[in-house]
Every structure is written in structure tokens, then in C-alpha cells.
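Please read them alongside the sequence and coordinates.

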Amino acid sequence: MSSASDPLAALGALPGVAESVESVRKAVDRVYGHRVMRRRGGEITSEAALRGARGSAALSGADWALEEVRRRTDFGADPEALAVGAALRLTAEAGQLLSIWRQSPMRVLARLHLVASGSAVAGDVVGRPRLAGEPVDEPLVNLPLPDAEEVAGRLDGLSRLVIAGGSAPALVTAAVVHGELLALRPFASYNGLVARAAERIVLINSGLDPKAICPAEVGHAEQGAGVYLEAFNGYVSGTAEGMAAWIAHCGRAVELGARESTAVCEALQRGAA
């Protein structure tokens, strides 16, 4: 497929993007090659899931210490607890939806919103894109909301891109899925959490991070909400420079996630974790 008929591949050709893709691949390969991964890969995956959920929740306003997330069992007491619980459920659910993603992205997104909402959101707004006039609760992004008609059209376009596949690197596809969902905020709530869970699904399903040990959510949170929003504004701008900056930001997030899991591997190797 040529870049003219594959918009994601065209993004992959933007200045600096190839370098980001290569840097991410090297970072991922390093952690997959760690000797601990051969013996205790399941533990690394579980720990990466926990840390990824904590990072995603932090960007949604619930910046809890990792040990608090690990310790707590009740996530229904207040908005922060609800956000952490939603992030944990999404991370667990993402691995169950991999086989569906390439055939029906909208079905997966609806399921992600349903899982994130749990019992915290009542009514028929759960698990479907918002209708005209329906409000959106998104604590991080304050940009003007696209109207429901635009949301429906752009979601359909995104779904077609995912189903069509193409030659774009996994990082580019993951960044676009993440950015588009955050820009559209298609659901009544938990859009940021859903967008980052969808990014996770793309990274796993593409084969870049098949064991889910390089949690981009960790890297997004580590870079900080301000940097995250600045890079996201580049995506929303639609300029070549802005898109490239967003893709590079997402690449850096994956690299930081890989670094986090490398540290976990080192701790396990020392017997300290």
C-alpha cells in the first residue's frame, strides 16, 4: 500500500519519526533480551500492568503511590479511587480484546468504556459514543469538543484505518489511535483512560510489545501532564511538526516504560522484588 492510500504510512515518513521508531525498537529489544525475562516473564508482565494502570490513572487525576495501588482493594469510595479502579480494570481487559481489535475496533472501544465505567456511570451512555448535547467528563483535556456527527465520522475513519492495516510502524498507529480518541472524547467519561488502553492494545497486538512489558502509560505519566498536553496539542494542530512531536512523545513513553520494566528485571535478579 502506498503512502498516498495509507495515511498512517505517510505519518511514518515525517521528519524524525523513523528515528523515534528505531529508538523504541532498540529499547523494547533490550528489555525482552534481559535474562530475567526468560525465567520470570509472567511476573514482569503483571508488574508492568500494575504500573501502567497507575500511570494512566495519574494522568486522569489520581496520582497514587504504586504501593497504594497495590495495597487497595476498594476502588469505589471517591473519584480518584474510581479512576484507579477503572485503570486497573482496563489494563486487565486489554489482553482479552486483542483478537477482536483488527476486526472490530469500535466493538473493542465500546467494551473498554463499559469496563472502565463499571457501576459508577448509570444510564444508557455507557459503552456507546455520545449523542448530540450529551456532556463529557474528562479531567485532563479542556479543548473544545467535536460535535457528535464529527465524532461518528472520525471514529468510522479510524476504524477503517485499523481494519485496513498497512505498512505504518506500530508506534505510529498507536500514537494516532491514542491521539484521535483523546481529541474526540467520544464517550461520556473515562476517555483518557480508554485512549491509553487502546494505545496499549495496538502496541501489544502489533507484535512490538507482545508480552505487554513496556507500559507506555508509565512513560506518559513520568513525562508529566504538562508535557503530555503540549505534545497532544501538536496532534490536534494537525501540522506535520505537531504530529511528529506527538509520535515522538509516545515513542519516548514506550522507552520509559521499557526502562521501568528493565528496573523491575534488575530488582528481581538481585532478589529485591
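Predicted model: local features only at pLDDT ≥ 70, side-chain atom pairs only at ≥ 80, totals over all residues.

1. Is α10 enclosed or open to the outside? Of its 15 residues, 14 are buried, so the helix is largely enclosed by the rest of the structure. After α10 comes G207, which has a positive phi, near 95°.

2. Helix α9 covers residues 170-184, and T173 lies within that helix. T173 has a relative accessibility of 17%; because buried means under 20%, T173 counts as buried. Beyond neighbours within four places in sequence, T173 is in contact with L8, A168 and V202.

3. R185 sits in the loop between α9 and α10. Its phi is near 45°, which is positive although R185 is not a glycine. R185 is buried, at a relative accessible area of 3%.

4. The other is A212, placed in the loop between α10 and α11 (216-223). A212 also has a positive phi in a residue other than glycine, here near 55°. With a relative accessible area of 12%, A212 is buried.

5. On the overall fold, the chain has 13 helices and zero strands. The radius of gyration is 18 Å, close to the 19 Å that the globule rule gives for 273 residues, so the chain is as compact as a globular protein of that length. Along the principal axes, the C-alpha trace spans about 55 × 50 × 35 Å.

6. How much of the chain is buried? Buried residues account for 52% of the 273 residues. Among contacts with a separation of 6 or more, 72% are between residues 24 or more positions apart.

7. As for the surface, the accessible area of the chain is about 11800 Å², and carbon and sulfur atoms contribute 53% of it. The chain carries 27 positive and 31 negative charges, whose mean positions are 8 Å apart.

Note on methods
Residues numbered from 1 in each chain as written. Heavy atoms only, no water. Helix = DSSP H or I, 4+ residues; strand = E, 2+ residues; numbered from the N terminus. Buried < 20%, exposed > 50% of the residue type's maximum accessible area, 1.4 Å probe, protein only. Contact = heavy atoms within 4.5 Å. Rg over C-alpha atoms; globule rule 2.2 N^0.38 Å. Areas by Shrake-Rupley, 256 points an atom, 1.4 Å probe, with all protein chains shown as cover. Lys, Arg positive; Asp, Glu negative; His and termini not counted. Charge placed at Lys NZ, Arg CZ, Asp CG, Glu CD.
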